[in-house]
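Hi,

Here is the structure I promised to pass on.

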Amino acid sequence: MEEIALDEADNDPLCPSYHYSQELHKEVCKQWRRALIVKLLGKRVGIKFFIARLERMWSLKGVHEFIDMENGYLLVRFADEEDYTHVLQERPWIIVDHYVVVQQWRPFFDPYDETFRKLAVWIRIPGLPIEFYTTQHLWQIGNLFGKTLKIDHNSIRRRDSGDGETTARAKFARICVEADLRKGFLSKFNIAEHTFHVAYEGLHLI
């Protein structure tokens, strides 16, 4: 066990400090690597109803566990990596016309801290010039709005596969990003003095 130094604040008998091994804590946290924090934004529903709707909506394949937390939160742990990625990155999840907030689990999560720090959201960028429909460009553009998690494959121009067809969508680019909500939602960005506006799927921002 690693040695932990104490300072003067640790001598307060009315507020003792618990000191733990960082190495041990890091090892324990690994079991939550495929866990997501979920909450229905703006509406309270019964826990059984909430879980049943999530089960039906997500159509999970592998073993998973729902853990009822305080303040309307659920902690969902997935055994299957594909299930985890599907819930985190796929389309906006909506129940009874309310957005389901999905966040990656993090240490020291406080269910009463209503300041959502990060949220996986899909953004749409209409009118983007065709030359920017590449994985490299879209990934970097997504990083302007947070951390890019995924690009809709229909937003990527594909080379001719040999059968003469190269179908792809160029009406709008669609990117999933992990947005830092403390920084707010950006509504536009510039490329070479041209301004492009974005829309957030499933979010009604006021």
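**What I found**

β3 is mostly covered, with 4 of its 5 residues buried (buried means under 20% relative accessible area, exposed over 50%, and partly exposed in between, with a 1.4 Å probe and protein chains only). Strands here are DSSP runs of E with at least two residues, helices are runs of H or I with at least four, and both are numbered from the N terminus.

Before you dig in: this is a predicted model, where local features need pLDDT of at least 70 and side-chain atom pairs count only at pLDDT 80 or more, while totals for chains, interfaces and linings use all residues. Residues are numbered from 1 along each chain as its sequence is written, and side-chain values use heavy atoms, leaving out hydrogens and water.

Now the sheet. It is open, has 5 strands in the order β2-β3-β1-β5-β4, and its pairing is antiparallel (two strands pair if DSSP finds at least two bridges between them). At the edges sit β2 (64-68) and β4 (94-95), each pairing on one side only.

β3 (residues 74-78) is joined to β1 (residues 35-40) by 4 bridges, running antiparallel, and Ala 35 stands opposite Arg 77. Between β2 and β3 there are 5 bridges, again antiparallel, with Ile 67 opposite Leu 75. These two strands form a hairpin with 5 residues between them, and Asn 71 in the turn has a positive phi of about 60°.

One more spot to look at: Gly 42, in the loop between β1 and α2 (47-58). Gly 42 counts as exposed because its relative accessibility is 69%. Its C-alpha is 9.3 Å from that of Val 100, 58 residues away in sequence.

Cheers
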